[in-house]
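I opened my notebook to go through this structure step by step. My entries follow in the order in which I looked things up.

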Amino acid sequence: MKKHLPELSGKVVNAWEKFGLGLDLLIDDAPHHHEQKDCITILVERPWNKPIKEKINFEACFSNWQEGEEIILQEIEKIRNLKKEEKGNTLKGKEQEINF
């Protein structure tokens, strides 16, 4: 991660169980971490997960870090936009509460 996405390397969480951590984005090669999820997941394609790739629920996947960098940055931008929308909707809701 430090080599290909240095701006994210300080924001990496290493954990055995990946559900319930409050993550925005999970990048993992283990299929079972994509089954029960509460965030956007990106599958890192590896020989052991290719046979069951069709059964895994993920938003994106990549097989090398050059490809992965672009995909990860796209997903981060989607998350940022969603958070901006949520923040805007929260502010609109508060304005409506005040101006009822």
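**Entry 1: a glutamate**

Is glutamate 45 buried or exposed? I found that glutamate 45 is buried, with a relative accessible area of 15%. Buried means under 20% relative accessible area, exposed means over 50%, and partly exposed lies in between, using a 1.4 Å probe and protein chains only. I placed glutamate 45 in the loop between E2 and E3. Leaving aside neighbours within four places in sequence, glutamate 45 is in contact with Lys50, Lys53, Cys61, Phe62 and Ser63. Contact here means heavy atoms within 4.5 Å.

**Entry 2: ground rules**

I noted that this is a predicted model, where local features need pLDDT of at least 70 and side-chain atom pairs count only at pLDDT 80 or more, while totals for chains, interfaces and linings use all residues. Residues are numbered from 1 along each chain as its sequence is written, and side-chain values use heavy atoms, with hydrogens and water left out.

**Entry 3: the whole chain**

I listed 1 helix and 3 strands in the protein chain. Helices (H or I, at least four residues) and strands (E, at least two) are DSSP runs, numbered from the N terminus. From the N terminus on, the order is β-β-β-α. The chain has 100 residues, and buried ones make up 30% of them. Its accessible surface comes to about 7400 Å². Carbon and sulfur atoms hold 52% of that surface. These areas come from the Shrake-Rupley method with a 1.4 Å probe, and for residues only the protein chains shown count as cover. I also looked at contacts between residues at least 6 apart in sequence: 25% of them join residues at least 24 apart.

**Entry 4**

Two strands pair if DSSP finds at least two bridges between them. I counted 4 bridges joining E1 to E2. Leucine 25 stands opposite isoleucine 40 in E2, and aspartate 28 stands opposite leucine 43 in E2. On the other pairing, 3 bridges join E2 to E3. There, isoleucine 42 stands opposite alanine 60 in E3.

**Entry 5: the cover on E2**

How many residues of E2 are buried? I got 5 of its 5. In a regular strand the side chains alternate between the two faces of the sheet. In E2, Ile40, Ile42 and Val44 are on one side, Thr41 and Leu43 on the other, and all are buried.

**Entry 6: an alanine**

I found alanine 30 in the loop between strand E1 (25-28) and strand E2 (40-44). Alanine 30 counts as buried at 14% relative accessibility. Its C-alpha atom is 8.7 Å from that of tryptophan 48, which is 18 residues apart along the chain.

**Entry 7: cysteines**

I searched the whole structure for disulfides (cysteine sulfur atoms within 2.5 Å). The search found 0. Cysteine 39 is buried at 13% relative accessible area. Cysteine 61 also counts as buried, at 18%.

**Entry 8: salt bridges**

Side chains of opposite charge can pair when their charged atoms come close. My rule was a side-chain nitrogen of Lys or Arg within 4 Å of a carboxyl oxygen of Asp or Glu. The count came to 4 salt bridges.

One of them joins aspartate 24 and lysine 83, with the closest N and O atoms 3.2 Å apart. Aspartate 24 lies in the segment before E1 and lysine 83 in helix H1 (residues 65-98), so this pair ties together parts 59 residues apart in sequence. Aspartate 24 is partly exposed at 39%, and lysine 83 is partly exposed at 42%.

Lysine 37 and glutamate 59 form another, at 2.9 Å between the closest N and O atoms. Lysine 37 is in the loop between E1 and E2 and glutamate 59 in the loop between E2 and E3, so parts 22 residues apart in sequence are tied together.

Glutamate 77 and arginine 80 also meet in a salt bridge, 3.9 Å from N to O. They are 3 residues apart in helix H1, so about one helical turn separates them.
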